[in-house]
Amino acid sequence: MRNTQLKDIKNLYSNAVVFGNAMIGWNYRLFVEDANTCSVGEGCDYVADKMHDAADREVILILDELLAERGAARKKGDPNEGPSMRYFFRKSAPYDFALTSDAGALYLELRIRNAQNCLAYLDGCPERIKEMFRHSDPGCQNRIDQTCRSGVRYEFEKEERWHCGCCGAPFKLHPVKEDIPHYLKLWELSRA
C-alpha cells in the first residue's frame, strides 16, 4: 500500500484517502494484484468495490458506462456518508448524478432541477420512482431564511413538495437496473 496507493499522499487521514484505502476497506484487490500494483479506487470501482450486492455493482457499471457515453465527466466525491462518484455534464456546475456508498448501501443522487417537467412522465414509472417524488423534506436553514437557491419545489398529487438541494442533489434513491432508462429520462426532462 505504501509503495503504490499511498506513495504520493500527504494527508493519510483525509476522507478521500480513508474511503479509498484498500487496507481499511478490506478490498479483495489487495490479494489479487501483485505487491507493486494497486488499482483500488480507479474509475467507478471506487464505489462499486464497496457494494455487498452484485446487482448494485452491476448498476454502477451500467450507469457509469451510459453517462460516459453521453459525455459526462466523472470525479471522486467524499461526502461524510461514504465514497461517491460524481458525474458532471457542465464544467464549474454542481454534479448531475452521483453514485454513493453509505455504509455499504448504494444511492443514486439525481439533480432534477425542474421537477414539474417530470410529473407527466411519472405515469409510466414504477412506484419506487413515484415514491421519490412523493417524498418531501423540511429543507435546511436556507429554506427557513427564504434564501435558498438550490431547493426544488413542485406540486405532486395535489400537494406541494420540497426537496433541499443545498448539501447534495435533491432526489435520492436506491437504483435498480430496470429503472436506469427512467433515471436518465427524468434528468433530461428536468433540464427542458
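**Close-up views of a predicted model**

The structure holds eight aromatic pairs. One of them joins Phe88 and Tyr95, whose ring centres are 6.4 Å apart with 85° between the planes, an edge-to-face arrangement. The model shown in every view is predicted.

**View A. Tyr95 has an aromatic partner, Phe88, and a charged group over its ring, from Arg111.** The pair of Phe88 and Tyr95 is edge-to-face. The charged end of Arg111 sits over the Tyr95 ring, 4.6 Å from the ring centre. Tyr95 has a relative accessible area of 8%, so Tyr95 is buried.

**View B. Phe89 and Phe97 form an edge-to-face pair.** Their ring centres are 6.5 Å apart. The planes meet at 65°, and because the edge-to-face class takes angles over 60 degrees, the pair belongs to that class. The two residues fall into separate accessibility classes: Phe89, at 22%, counts as partly exposed, whereas Phe97, at 1%, counts as buried.

**View C. Four aromatic residues are linked into a cluster by ring pairs.** The members are Phe133, Tyr154, Phe156 and Phe171.

**View D. Lys172 lies over the face of Tyr107.** The distance from Lys172 to the centre of the Tyr107 ring is 4.7 Å.

**View E. Strand S2 pairs with strand S1 and with strand S3.** S2 covers residues 84–88 and is mostly covered, with four of its five residues buried. S1, residues 73–77, pairs with S2 in the antiparallel sense over five bridges. In this pairing Lys76 stands opposite Met85 of S2. S3, residues 97–102, also runs antiparallel to S2 and is joined to S2 by four bridges. Here Tyr87 stands opposite Phe97 of S3. Phe97 is the buried residue, at 1% relative accessibility, that also forms the ring pair with Phe89. As a general point, side chains in a regular strand alternate between the two faces of the sheet.

**View F. Cys118 and Cys125 are too far apart for a bond.** The cysteine sulfur closest to that of Cys118 is in Cys125, at 8.9 Å. A disulfide would require the sulfur atoms to lie within 2.5 Å, so the sulfur of Cys118 is too far from that of Cys125 for a bond. Cys118 is buried, at 0% relative accessibility. A search of the whole structure finds zero disulfides.

Conventions: Residues numbered from 1 in each chain as written. Predicted model: local features only at pLDDT ≥ 70, side-chain atom pairs only at ≥ 80, totals over all residues. Heavy atoms only, no water. Phe/Tyr/Trp six-rings, centres within 6.5 Å; stacked < 30°, edge-to-face > 60°. Buried < 20%, exposed > 50% of the residue type's maximum accessible area, 1.4 Å probe, protein only. Lys NZ or Arg CZ within 6 Å of the ring centre and 35° of its normal. Helix = DSSP H or I, 4+ residues; strand = E, 2+ residues; numbered from the N terminus. Pairing = 2+ DSSP bridges.
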